[in-house]
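The following paragraphs go through a model chain by chain. Please keep the sequence and the coordinates open while reading.

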Amino acid sequence: MSETDEILEVSGLSVDYVLAQADVRAVDDVSFTLSRGEFLGIVGESGCGKSTLLFAVAQLLAPPAHLAAGTVTFKGTNLVGLTDAQLSAIRWCDLSVVMQSAMNALNPVKSIGAQFKDALKAHGKPSKEEIAARSAEVMRMVGIDPVHLNSYPHQLSGGMRQRSMIAMAMLFTPDLIIMDEPTSALDVVAQRALMVQIKELQQTYGFAVIFVTHDMSLISHFSDRLMVMYAGQVDELGATRAIFDRPLHPYTQGLLEAFPSIHGPRVPLKGIPGNPPDLAMVPTGCRFHPRCPHALERCTVTAPDLYPVDGDLVRCLRRKDGSLPDDPGARVAKTGA
Amino acid sequence: MAMPVSGVPAEAPAAQLPAGHALARVGHAIRSNRKATAGTVLLVIFILVALFPGVIAHHSPTADAYPPHLGPSAAHPLGTNAYGQDLFAQVVWGTRNVLIIAFVVGLATTGIAVLIGVAAAYLGGGWDGALGVLTDVLLVIPLFPLLIVIAAYAHGEGTIVLIMAITLTSWSYTARQLRSQALTLRNRDFLVAARVRGERNLYVIVMEVIPTMTSLIVASFLTNALYAVLLSSSLQFIGLGDPNTVSWGTTLYWAENNAALQTGEPLWAIAPGACIALLGAAFALLNYAFDELGNPALRPVRRNKRVRNG
Amino acid sequence: MTESRGADLLRAEHLTRHFKIGGMLSRRTLHAVDDVSFSIGEREIVALAGESGSGKSTIARVLARVYKPTSGEAYFEGKPLSAIRSRRDGLRYSSLVPMVFQDPFASINPVFRVQHGVLRILKLHRPELSAKQRLEEAARVFGVVGLSTDMLGRFPYELSGGQRQRVGFAQALAMRPKLILADEPVSMLDVSIRIGLLNLMAKLRDEEGVSILYITHDIASARYVADRLIVMYAGQIAESGPIEDVLTTPKHPYTQLLLSAVPDPMAPLSQVSDHGEPPRVVDPAPGCRFRWRCPLAIDTCSAVTPALAELEPGHEVACHIAQTGAEVRAFAS
């Protein structure tokens, strides 16, 4: 990966929530890079820090959260510490964000077209014709008839709302679009359609995507690389197919086994026993050890780093020295029944 | 399909009030927030003054037995007015009247508003319409002229009329607010769950809806108390209260009558005015503090950590 | 797995529920549920699946007596719901057929401890218990759903989403129900937490003898717990039958569409060209409501509303083409 290919480098990012009792570290020392046009999926359960990480990268943290350490280098510039004026030059033009629920991100009393116009006028002085043309163009990009520019958010279906959010994010064809669970409020058919749409747009216009979700199976066919987060830390980072075929971290293995499938035999599943830890009181040593079926004494004492194993990065002591008992090997790909 | 949403990401730890007795939680909340502490301290001081005025001020507030036009001294901390009355005693004894008005109006206004507003929202339909008409009529009537008319007719009847007049004209605004909030709660799952498990309407309104609106109800009480202080003092100032009651507003009335500021007795006007301001500030501080307690995003972040660039 | 169809616990016949929409002068009606008939037996989990707007939640609320049906009738243990008049009968019915809600954050009152709901239920529905017995029973049902007894005194904000949903099931269990209406109980939980709740539902069926109407839009989770599957579209039943039959040989094009859209990391990505726009059914014309999205639609589909017909034992489909006996292959899965 050459230097010019890399558009985002996050290094040592930590985010704290300042609370009355004590500070809680929601994101702990996260580092990763993103190349031009790459699709990175970030997965984890609720409370693992993935949304906070996203907010931090987009410089959208608000009190009581604040960025405690680390840098976010976007196209050569460190976003941390930039003023609002400097950030707004980058926002939406080079980097845009798609939020979880369109009903909350869109202004309910303004038409879609009016909101597009606001965004366009915030970054330049386009004429009325230019605004109309660009708005119609992005709507067509996501497969919505431009006549809906006159609609209000509540008049559109859930799927169309989410797609208009993506259209809005594409107004300036940015280099990076950050998405926070944009499909969670959608049904399965709309979800599939949206994912395919996002992937097509990405391949046509070449922007990079960071996609946060709690549903691993959703992005299994779409992301290039996958980052698994747990209790504020990165537990596994690697190529998507490699992780699905051979998950290396016990947490990732547990996650993959918690998905009932419609193909193949019906088997009872266990999920991962217990609950994610309270970030105010993380376990000593490896944060996953209370729920890990392979935890040993040293896992309760030594906090593992991210170790390179077989092309992935894994935060597991036993994986690093190859002492995990059940090597999952290659998972059998199930064909349609 | 609804998703849990707020401006803060899902990982934001919830407001960790220690579980336990409600009073203990309130106590902890007050101590942990500077605005709450300041407001509470001020309010407590005023309450103590109102409860034990004789202990603090040794002179009678109404007896014009002292030499007039005295400046501040050890015997008369705020001096005396043109009638030879001790100003300090007047201000101290006046606290009781003001606080009674503030609390009674606050409670009555909020009580009526809760009943009417929440019932209208929960029962909906015809009830909502009828109660809404009642609320709106009172909402639209200009407040101050109405108060003047009422108080002028009952001139001399004093504090009770003042309280009733202010309550009558104040409850409608709060009722509208509470109705709006109750409307947002009406279709929340836990209320549907309560009905589905067989609870009666009255039970749901009193035991399930109102407890979830406590912060808005408390805020309404504080706001209404604050406005009662200001309104009653204003009415007394223009002479519509009973000029013989000992109260900050009536003291101001007499100060104005005697052109106190121009004749070199500024304390006569400044002292009661400052008290009104301080009591108002106490209620306002408590109001801000309750807001912050309810919504962690509003709390000030102690910027004692500088961002370290790696 | 063959199911023993003894006496039906619940039988819905031609259930219909319309809502008037628009202002006071509007005459438009939303057909949320139209002519739905199905049954639920004892010790059975029936999954009711469909997209949003399919009417599945409305059916649950009609069965919970939140709404009255516009027409049609539901029978519980042979007795019609419309015969429930007195408060006592109503209480009795709601204790036998309680509901579990979707949103773990909104379905419990946040100002009370989590035991509040269970204790209120015991007070209302089992008045013969003393206060001490109520506490014991609350502890018992908490144990059945996998919560420790010290959670009784906690507040909802101290519990995770999964734990709150278990509280919802505990509340339902406290009524000693025969049928639990579970309205998307796991949709708002993380995928790794869902399995625990799904296992709990299976346990309730096997050990407590409770039937469950499991409403969901996630076919994979339906397959994991349910014995039978009913697929709904636009307020009507498209297909229903034993779950393995419906999933291995789906006969309705909509069922095939749903199956093809389910994400499965281990299977290659199926090509779905549908944009996923479920209809809002306002004053519908006759004809199949899926015809605009169906690649196989013919003239009859626009003219005649297909009726539900049994094509194989227990497996019913409402599709003209399937009913001719032709093989339906609308969407590859």
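In chain C, 66% of the contacts between residues at least 6 apart in sequence join residues at least 24 apart; two residues are in contact if their C-beta atoms, placed from the backbone, lie within 7 Å. The model is predicted, so local features need pLDDT of at least 70 and side-chain atom pairs count only at pLDDT 80 or more, whereas totals for chains, interfaces and linings use all residues. Residues are numbered from 1 along each chain as its sequence is written, and chains are lettered from A and ligands numbered from 1 in the order in which they are written.

Chain C has 11 helices and 12 strands, taken as DSSP runs numbered from the N terminus (helices H or I, at least four residues; strands E, at least two). Along the principal axes, the C-alpha atoms of chain C fill a box of roughly 65 × 50 × 45 Å. Of the 333 residues in chain C, 53% are buried (20 or more other C-beta atoms within 10 Å of the residue's own; exposed means 12 or fewer, and partly exposed in between).

Strand β2 of chain C, residues 29-40, contains Ser37(C). Is Ser37(C) buried, exposed or partly exposed? Ser37(C) is partly exposed, because 15 other C-beta atoms lie within 10 Å. Apart from neighbours within four places in sequence, Ser37(C) is in contact with Ala12(C), Glu13(C) and His14(C). Gln236(C) is 199 residues from Ser37(C) in sequence, yet their C-alpha atoms are 9.2 Å apart.

Chain C also touches chain A: 36 residues of chain C are in contact with 38 residues of chain A. On the chain C side, α6 (191-207), α7 (219-225), α8 (243-248) and α9 (253-261) each supply at least two residues. That side has 18 nonpolar, 11 polar and seven charged residues (Ala, Val, Leu, Ile, Met, Phe, Trp, Tyr, Cys and Pro count as nonpolar, Asp, Glu, Lys and Arg as charged, and the others, Gly among them, as polar).

In chain B, Thr135(B), Leu138(B) and Leu139(B) in α5(B) meet Thr169(B), Ser172(B), Tyr173(B), Ala175(B) and Arg176(B) in α7(B). The residues of this contact divide into four nonpolar, three polar and one charged.
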